[in-house]
Every structure is written in C-alpha cells, then in structure tokens.
Amino acid sequence: MPRIDPAPTYTMRQLAAFVAVAETGTISAAAERLHLSPSALSASLTELERALKVQLCVRRRSFGIQLTRTGESVLVRARALLQQAGELESDALGTGGSVSGPIAIGCYPALGPTVLPSMIAGFTRENPDAQVEFREDTQNRLQTHLENGELDLAIAYDLDLSPQLRTVPLAIREPLIVLGAEHPLARSERPIHLPDLAEHPMVLLDAPPSTKHALDVCRAGGFIPKVAYRTANFETARAFVGRGLGWTLLLQRPKMDVTYEGLEVVVKTIASPVVPSVHVVLAWHQNTRLSRVARAFIEFVSPSEPAQ
C-alpha cells in the first residue's frame, strides 16, 4: 500500500550529515564539524541513502569520500533545503529580520572587475552575516548553473538569455570599438563607421555571448570581420589591441584606456550601423525558491524589485 503521509522518510540531521561529509571529504572531519562520533555520522549517512534508495557517495578508507553523480545532484538540493529549514525556524522565532547564510552568485568574466566588487562590498557591509561565493564563467554555462541550482543568481548581459530566467536591470552598456594608438582610424575625432574596419584584422573576445554579439554587429555593418586572434579574456583582447595586432569590439570600458603593459588604446563610439545598447542584468531561474539572502541581494541592487 503506497504511503499517503507527505512527510519525507529522511531527516534534516541526515541531510546536514551528508552536506558536512561532502564539504569536508571525510567522515571524521564531518563528525568533528557536527560534534558527532564518526560512527553516528556514518550511520546517518547510511540511513539517508536507505531513505532515498540511492548511493550518494563511495567510501574509501584511504581516500575519503567521493560523491556519486546522484550525490552531486542531491547535494545542491540538500543545501537549499537546509537553508530553507533554517529560515523557517528563524521566522517562527521572530528573528527573521536578519540576513544570514550563503549565496552563490555567478558573473560573466568581463563584468567581474567593473560590476561585481562594489555590489559584494556594499551588500556584505549591510549584511555581515551573509556569506557570498561567486563564480566567473561564460554566459551559457552560467545559465546551466542557474538551472541546476548550483548558482542562486548571476550577473550577465541581456543577450540570448533563456526565457525561463527572471531579470532585473543593473546597467546599460554601449558597444565600443577599441583601437591601438597607432591604428590609422585612431587619429580621427569622429565616431567609427564600422565598415571602415572590414579590411583590418580583428581581435575577437571569444566568450559567449560576446562572440555572437560582436559578429552580429559586424554583419549589421555589411561584412564578416577578419578575425586574426581570439581570446576569452577581456584584458588579453585589450592587450593585443594595444600591441597593434588588431581592433576589437567590447561592451566594457575600464577607467583608464591603457593595457596592463601601459600601452594606450583608443576607444571609439560607432557611427554606423546603429547598434542597440545592451543591458547588464541580475538573473535567476523562475522556478528557484529564493533564499532570504538571495532576495535581500536582489533588493539591494534593485530596491524597486519585489523578489519572489
């Protein structure tokens, strides 16, 4: 006869034991963290696997604990459940006003140096009990991490985003042409007509979605660029331009128009074709149950946004 009781067959303590083992890598270290005996913690882990009817980890005496693929998936949800359980207890005790706990934020690498530091500094100053972890990655991977629960939020461009993501705007960026100081078109005071660069070598920032965006802008100008070099690093692209190895199209502009080598680059706006501006956004998956700390972060960066 099937169970009609909606209560799960596992406990929060078992989930906590599993998370501790996954994070520390050994039964003994996890037991020390939770102030349990190794045998008691091992028993909790076994009971959780029995309740879920899956193997979560492989226990090797000499090599510690290794999560199975199922265990890696369960770990993400176990952390979320423990966070929600803690918030439920805080709300019931009337201490729900404080913002504490972990939050995992992803960021597109080119945005990391210009957008992320001030946000994290301001947010943690207001919420000192929040623990912010961040990961830089290409935008397609950030979306995957949001979908599978590895990230709570992500800072990205509003380009090729999944319709399953909710967003709030953070900033607006205009596409810019970056030239070396000795480039023949750098001497003019006028904006650049993009087709004038058709015969010049290009340094392509090859990290989605910047790759497609730059190529689409060139196609709108009526040409396919002569890509001489590709790099996934924003500063490497600027460094190559500074050395006269080509021009590039970027959405970010540092305060100083010099490369790490101290070489000058010249930044130009685009006269034609007309290129739309691009929004920088904070994104999260629409099906994610946001933790209190995630909701607080959304409200911090966009006070008018009611985070659900």
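Okay, let's start with the inventory: the protein chain has nine helices and 14 strands. Keep in mind that this is a predicted model.

On to overall dimensions. Along the principal axes, the C-alpha atoms of the protein chain fill a box of roughly 75 × 45 × 40 Å. The radius of gyration of the protein chain is 25 Å, whereas a compact globule of 308 residues would come in near 19 Å.

We get an accessible surface of about 16800 Å² for the protein chain, and carbon and sulfur atoms hold 52% of that. As for the residues, 44% of the 308 count as buried.

What about contacts along the sequence? If you take the contacts in the protein chain with a separation of 6 or more, 69% of them are between residues 24 or more positions apart.

Let me zoom in on one helix pair, α1 and α3. Helix α1 covers residues 12-24, and helix α3 covers residues 38-52. Their axes come within 8 Å and cross at roughly 110 degrees. Angles of 65 to 115 count as roughly perpendicular, so that's what we call α1 and α3 relative to each other.

Which residues in α1 and α3 meet? On the α1 side you have Q14, L15, A17, F18 and V21, and they meet L41, S44, L45, E47 and L48 in α3. Sort the residues of that contact by type and you get seven nonpolar, two polar and one charged.

Notes: Residues are numbered from 1 along each chain as its sequence is written. This is a predicted model: local features need pLDDT of at least 70, side-chain atom pairs count only at pLDDT 80 or more; totals for chains, interfaces and linings use all residues. Side-chain values use heavy atoms; hydrogens and water are left out. Axes are lines fitted to C-alpha atoms, for helices over the stretch in contact, and angles run from 0 to 180 degrees between N-to-C directions. Helices (H or I, at least four residues) and strands (E, at least two) are DSSP runs, numbered from the N terminus. Angles under 35 degrees count as roughly parallel, over 145 as roughly antiparallel, 65 to 115 as roughly perpendicular and the rest as oblique. Contact means heavy atoms within 4.5 Å. Ala, Val, Leu, Ile, Met, Phe, Trp, Tyr, Cys and Pro count as nonpolar, Asp, Glu, Lys and Arg as charged, and the others, Gly among them, as polar. The radius of gyration is taken over C-alpha atoms; the globule rule is 2.2 Å times the number of residues to the power 0.38. Buried means under 20% relative accessible area, exposed over 50%, partly exposed in between (1.4 Å probe, protein chains only). Accessible areas come from the Shrake-Rupley method with a 1.4 Å probe; for residues, only the protein chains shown count as cover.
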